[in-house]
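Here is a friendly walk through a protein model, meant to be read with the structure open beside you.

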Amino acid sequence: MNKKLFGSFGALVMTGALVLSGCGNNAASPAAAVEQSPKALLKESVTSAMGATSYSMDSNFTINELTVTVPPTSMDTTSVNQVVSMLKGAEFNVKTVYQGDPMQTEMNLEVKLKGDMEMTIKLPMVMTKEKMYIKVPNIALLPLPENIVGKFIEFDLQELAAEQGAEFNDAMLDPKNSQKLSADLSAAVLDSFDEGTYFKKVAAGDAGLPEGVTAEDVVRFEVTNDNVKDAITTLVNVALPKVIETLDTPEYREMLGLTEQDLQDAKSELSTTDNEQMSQDLDELKNYLTVNTFQLDTALNKDKFPVHQKMTVDVNFQDPESETSGKVSLTGSSTYSKVNEAQTFEVGIPTDTITLDELENMNY
């Protein structure tokens, strides 16, 4: 039953991620003249994604609570406890700066692990239209030669594609293409979920917005313990077929390196889903998974730009067959600033670099 349990939970998370995909990377649009429904507000936000030329974004993902209880006689007890100790309280922070012309993206990833193996890992990354740079981190558990720690590994994207026997597809890296794809996918998913069941407006004062964030509207997508079965069913039977249909165009197939057969196979797999068996499995889900909270909030300013997004998940799980139970509570958020303004890059284009070939030829 573990596969059913975690597969269903994964589908639940995917539902929320798809609903909000494309609500970032947006450009400001004129405020609506009339009262708009929650779904209409999100659709306007998705549409505005097409015009973004630059932005800064601060993202955070924190595992607030994590408990897993396994039988004392289980051989996995020690390893499970070690993993739980390390991940409980773990933080993943990403600061992103993006501009479209000339294309340049800078990401500073910071991972903070807790427990007996407490450590902080920082990993700056830079991407241009033709190259990607990743800084070699200084990690105690992964001793590397001092002469490469702190340098940036330079990846030539055209050369990488050639080595893999593929043609370099710069359309995949074009921000305008990715924004359009994100907007089209989000529209497909939004149309799949019933507005009255899953969407509602929340007063800005009740949304727990961070200091400095001002919002005129807050839209919440919410799945509860009562409608989790319907949410997963809608995802599988309605949303995913619409997503595949959206991707099945020459433009997107070429962009993503997909073939008509790839998408046809995906359609066939969904069409052969045993809905009766899935319904039975989801009926049993209430015995294994309790959804205490599953919310995705999008805060929009007066121009209907989504200045802040927050995900809150709190679930309990249990599997009588393996006598395993536990709880997962996590939050994630993204806050946007300096949209369509000049950006400041902390790293810039790295000059202290080493190529992938040079790294592979080193003896260490």
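## Salt bridges

Aspartate 303 and lysine 302 form a salt bridge in this predicted model, with their closest N and O atoms 3.6 Å apart. Aspartate 303 has a relative accessible area of 26%, so it counts as partly exposed. Lysine 302, at 53% relative accessibility, counts as exposed. Elsewhere, salt bridges with shared partners link Glu245, Asp248, Arg253, Glu260 and Lys267 into one network. The count of salt bridges comes to 18.

Which residue does glutamate 216 form a salt bridge with? The partner is lysine 304, and the closest N and O atoms of the two are 2.9 Å apart. Glutamate 216 belongs to the loop between β7 (199–201) and β8 (217–222), while lysine 304 belongs to the loop between β9 (289–300) and β10 (306–319), so the pair ties together parts that are 88 residues apart in sequence.

Is lysine 304 buried or exposed? At 4% relative accessibility, lysine 304 is buried, because buried means under 20%. Glutamate 216, by contrast, is partly exposed, with a relative accessibility of 48%.

## Aromatic pairs

Turning to the rings, the model has eight aromatic pairs. One of them is formed by tyrosine 55 and tyrosine 98, with 5.2 Å between the ring centres and 35 degrees between the planes, a tilted arrangement. Tyrosine 55 is in strand β1 and tyrosine 98 is in strand β2, so the pair ties together parts that are 43 residues apart in sequence. Tyrosine 55 is buried at 8% relative accessibility, and tyrosine 98 is buried at 7%.

Phenylalanine 305 and tyrosine 336 make an edge-to-face pair, because their planes stand at 85 degrees and their centres are 6.1 Å apart. Phenylalanine 305 lies in the loop between β9 and β10, and tyrosine 336 lies in strand β11, so this pair ties together parts that are 31 residues apart in sequence. Both of these residues are buried. The two pairs also come together: Tyr55, Tyr98, Phe305 and Tyr336 form one aromatic cluster.

## The cavity

How many cavities of 30 Å³ or more are there? The count is one. The largest cavity has a volume of about 30 Å³. In general terms, rolling a probe the size of a water molecule over the atoms shows where empty space is left.

The residues lining the largest cavity are Lys95, Val97, Glu106, Asn108, Thr344, Phe345 and Glu346. Strands β2 (91–100) and β3 (103–113) each supply at least two residues of this lining. Sorted by class, the lining has three charged, two polar and two nonpolar residues.

## Two buried residues in strands

Threonine 62 is part of strand β1, which covers residues 54–69. With a relative accessible area of 12%, threonine 62 is buried. Beyond its neighbours within four places in sequence, threonine 62 is in contact with Gly89, Ala90, Glu91, Ser329, Leu330 and Thr331.

Tyrosine 133 is located in strand β5, and at 6% relative accessibility tyrosine 133 is buried. Not counting residues up to four places away in sequence, tyrosine 133 touches Pro124, Met125, Val126, Phe152, Ile153, Glu154, Ile349, Pro350 and Thr353.

How values were computed
Residues numbered from 1 in each chain as written. Predicted model: local features only at pLDDT ≥ 70, side-chain atom pairs only at ≥ 80, totals over all residues. Heavy atoms only, no water. 1 Å grid on protein atoms, 1.4 Å probe; cavity = no way out; pocket = protein on both sides within 12 Å on 5 of 7 lines; lining within 4 Å. Points joined across faces, edges and corners; volume = space filled by probe spheres on them. Helix = DSSP H or I, 4+ residues; strand = E, 2+ residues; numbered from the N terminus. Nonpolar A, V, L, I, M, F, W, Y, C, P; charged D, E, K, R; others polar. Buried < 20%, exposed > 50% of the residue type's maximum accessible area, 1.4 Å probe, protein only. Contact = heavy atoms within 4.5 Å. Salt bridge = Lys/Arg side-chain N within 4 Å of Asp/Glu carboxyl O. Phe/Tyr/Trp six-rings, centres within 6.5 Å; stacked < 30°, edge-to-face > 60°.
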